[in-house]
Amino acid sequence: MRVHHDIVIVGGGLAGLRAAIAAAEKSKKLSIALISKTYPIRCHSVCAEGGTAAVLREGDSFDLHAWDTVKGADFLADQDAVEFFVRESPKEILRLDNWGCPWSRTEDGRIAQRAFGGQSFNRTVFAADRTGFHEVHTLYERTLMYPNIVRYDEYFMTNLVIEDGAARGIIAIELKSGDLVLFEAKAVILATGGAGRLFGFTTYSHQVTGDGMAIAYRCRVPLKDMEFFQFHPTGLVPSGILMTEACRGEGGYLRNKDGERFMERYAPERMELAPRDVVARSMWREIIEGRGIESEYGPYIALDLTHLGEEKIEERLPLIREAAKKFAGIDPVEEPIPVRPVAHYTMGGVHTNMWCETPVKGLYATGEVACISIHGANRLGSNSTAECLVFGRVAGEKAAEYALSTELRHVDDDIYREEEKRIFDEFLGRSGDESPYQIKKELNEVMDSSFWIFRDGNGMKEGFKKILELKERYRNVEIADNTRKFNTDMIYAFEVGFMLDLAEAVAAGAIARTESRGAHYRLDYPERDDENWLKHTLAYYTPDGPKLEYIPVTITKWQPVERKY
Amino acid sequence: MKVIFNIRRFDGEKDYWQSFAVPVFRGMTLLEGLFYIKENLDGSLAFRASCRMGVCGSCAVKVNGKPVLACETQISSVNSSKLDIEPIDNFRVIKDLVTDFEGFFRKHEAVKPYLIRNDDNYENPVELIQTPKQMKSYYTFSLCIKCGACYSVCPAAATRSDYLGPAAITAAWRFIADSRDEGKEERYEAVCGDNGVWRCHFAAECSEVCPKKVEPAKAVQKMRIRTALHAIKKVIL
């Protein structure tokens with residue numbers, strides 16, 4: 001089957017929804033397809049809890065937000081993009097307000113803001129601790145007002161179509177029917193999210209398998225800064241479910257087994273509200289030095305909210321209370337929550353400039369799948385949802401402008417037939433003696449051990465070898481289900497294939513970068529090295545593994561200085 | 001300890017039950033049990049799952065007759081060594097535990113579930129004022145995750161497949177009760193037709209099974225009163 005639209009957006013989370021609205025606002029004449037592998041409101045963005053950063057009130061300033069972001073990023077962020085980002089974020093907050101988002105309010109009815117890690121002003125706008133949930137629902141509801149946004153829910157992208165250096169569309173499986181559909185388009189926007197399920201202990205939804213990132217990479221679009229993976233300080237033990245940074249923003253403490261607020265030894269000024277890389281590293285050090293609290297699920301750190309009182313917890317952190325009760329059997333009003341640092345955010349992604357343009361004409365990337373880069377080596381909390389809103393809009397507008405000035409070029413039948421053959425003749429129902437589930441499990445183990453919070457050269461090289469071995473075994477993978485309709489067995493096998501390629505890019509970038517910066521911390525190179533490494537990594541796919549190149553970081557106002565909190 | 005997962009399966013043609021023995025650990029969820037089967041016993045088992053923390057609404061299934069979110073249901077809480085697991089009712093089954101939500105989302109769209117304002121200004125939005133008290137009047141209803149549990153137990157939906165159902169009417173009420181909204185009239189029209197609020201039987205089972213305690217039955221009731229007043233007003237004026 002073949003359909004065509006002016007713009008095809010892949011991914012129905014915050015960035016994709018925002019892009020769709022932006023494109024639809026640009027012109028009623030544009031036909032916009034919004035394709036997602038789950039229903040849009042089932043995307044991972046709904047799991048964002050704490051808030052969205054924006055400069056709204058007196059006392060705060062764009063420069064301050066930008067500086068916090070650049071310093072938080074350990075100076076690897078592109079400062080022109082950051083300056084643009086902080087200026088655009090406030091308007092997005094107001095748009096969501098006008099579209100119905102139930103932002104938490106002050107008594108006089110104005111939009112409230114709370115404290116967050118690494119942000120030196122209380123600038124995080126929030127909707128209780130369900131910010132992402134309300135943002136997604138608000139945007140989804142808003143898309144229903146535009147007749148030129150056509151949704152394709154539960155379609156799984158298998159490939160991008162690029163010809164003569166320009167995007168021509170994508171190919172996807174409609175899960176319900178099992179049919180393969182070629183979407184022809186003048187412009188394609190990738191908004192498929194991060195790659196967090198590479199790790200075993202993670203806050204990510206099951207669906208976040210880096211599909212768009214991997215497909216772009218295989219189509220020779222470079223990935224940027226993949227070695228930078230964020231570990232959030234507070235993942236609930238044992239499930240990894242996110243316990244928002246707002247727990248600490250609202251005044252929560254981190255304590256070791258002696259009851260000590262150990263952050264005073266690592267970040268005496270910001271304490272629990274230092275940036276995530278600093279807090280996660282401190283917690284990990286406490287744990288490996290034996291000051292974690294022992295449990296049947298391994299050692300943990302206590303996230304103590306008991307002094308906040310029931311009323312505040314109910315008002316500001318209701319989801320946290322509900323989740324802690326349901327998934328750990330603990331009421332945070334009564335006792336501390338068991339937490340451990342947890343894989344949480346992919347700073348790296350598809351290489352774009354600050355207009356979400358990739359090196360391929362007509363191909364855009366936005367949200368977590370993209371690396372613009374405003375987060376550099378470490379993202380600040382509440383900057384990711386803000387990024388999705390600001391750069392979702394940018395991608396939608398840029399794609400719209402491009403589509404309005406371009407003619408649709410039809411894709412050759414052969415391309416569709418080849419993909420059909422690859423999927424249904426060669427992949428579906430194939431026999432082999434490797435289980436995709438087992439390979440995924442072992443991939444998670446190697447990422448959790450070799451590419452975790454503390455890294456070192458030897459460990460990473462071992463890990464890299466193991467990834468290559470898993471890739472080799474994957475060639476012999478079995479897909480037990482040979483039917484077409486809603487074949488989640490085959491989809492899973494696709495996803496594991498994507499993740500193996502991405503793991504290789506993460507590993508290659510991490511091994512090559514012989515310094516410590518932001519979330520990439522090496523025991524064998526514990527210092528930041530601006531002389532040699534103040535640069536972005538670009539990983540290019542080749543059949544023999546990733547080829548690395550480097551490009552400079554854009555610096556406008558702020559020279560790198562020592563990073564203390 | 002092992003628990004029997006007795007799953008009602010459907011392969012597109014035939015409908016059958018299949019049992020799996022799942023080793024259970026303390027705190028293990030139903031969803032983890034389903035993944036155990038998929039990863040170790042039968043990769044072809046189809047079910048939906050995403051966030052595994054009760055906010056995305058993907059994984060509603062029927063367990064021993066009651067709809068629940070698989071991700072937030074502890075196996076031990078069902079208190080049975082054998083679980084009968086089925087797709088939720090009132091939805092067409094696509095495969096195994098996966099049901100067709102197409103119609104459900106169309107009904108949601110039909111009630112105009114978005115803020116309608118006369119001064120909608122995309123380029124230059126302004127901050128609207130809404131006090132915490134005003135927000136409270138609709139906030140609970142904004143927590144719906146569209147999991148379909150309410151619709152699956154609704155007797156009105158069982159007899160009339162075109163009935164809008166509790167989730168869609170709750171969505172309409174959520175916006176009508178929002179102090180920022182100016183689209184009430186349009187929405188009354190959308191919900192008071194032949195397939196709308198007057199179909200509700202007041203069974204209130206929807207509120208009982210809602211995993212988010214949204215109380216759709218309350219929203220439907222409030223909506224009935226409001227649409228009745230609206231109808232009277234229309235006749236008088």
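The points below concern a predicted model and take up chain B and then chain A.

1. Chain B is divided into two domains, with domain 1 covering residues 2–99 and domain 2 covering residues 102–236. The C-alpha centres of domain 1 and domain 2 of chain B lie 30 Å apart, and the contact takes 14 residues from domain 1 of chain B and 13 residues from domain 2 of chain B.

2. On the side of domain 1 of chain B that touches domain 2 of chain B, S4(B) gives the most, with four residues. The residues of that side of domain 1 of chain B divide into eight nonpolar, three polar and three charged.

3. Five strands of chain B form an open sheet with mixed pairing, and their order across it is S2-S1-S5-S3-S4. Strand S2 (15–23) and strand S4 (66–69) of chain B stand at the edges, where each has a single partner strand, so one side of each is left without a neighbour in the sheet. From one strand to the next, the twist of this sheet averages 35°. The edge strand S4(B) is thus also the element that gives the most to the side of domain 1 of chain B touching domain 2 of chain B.

4. Within that sheet, strand S1 (residues 2–10) of chain B pairs with strand S5 (residues 82–86) of chain B in the parallel sense, over four bridges. In this part of the sheet, B:Ile4 stands opposite B:Lys82 in S5(B).

5. Helix H1 (residues 30–41) of chain B lies across S1, S2 and strand S3 (60–63) of chain B, and runs at about 100° to S2(B).

6. In chain A, strand S2 (residues 32–36) and S6(A) pair in the parallel sense over five bridges, and A:Ser36 has A:Asp153 in S6(A) as its bridge partner. Four of the five residues of strand S6 (residues 149–153) of chain A are buried, so this strand is largely enclosed by the rest of the structure.

7. Helix H11 (residues 384–404) of chain A has 21 residues, and from its first C-alpha to its last it reaches 29 Å, which is close to the 30 Å expected at 1.5 Å a residue. Of the 21 residues of H11(A), 18 are buried, so the helix is largely enclosed by the rest of the structure.

How values were computed. Residues numbered from 1 in each chain as written. Chains lettered and ligands numbered in written order. Predicted model: local features only at pLDDT ≥ 70, side-chain atom pairs only at ≥ 80, totals over all residues. Pairing = 2+ DSSP bridges. Helix = DSSP H or I, 4+ residues; strand = E, 2+ residues; numbered from the N terminus. Axes fitted to C-alpha atoms, helices over the stretch in contact; angles between N-to-C directions. Contact = placed C-beta atoms within 7 Å. Buried ≥ 20, exposed ≤ 12 C-beta atoms within 10 Å, placed from the backbone. Domains from an automatic or database assignment. Nonpolar A, V, L, I, M, F, W, Y, C, P; charged D, E, K, R; others polar. Expected span 1.5 Å × (residues − 1).
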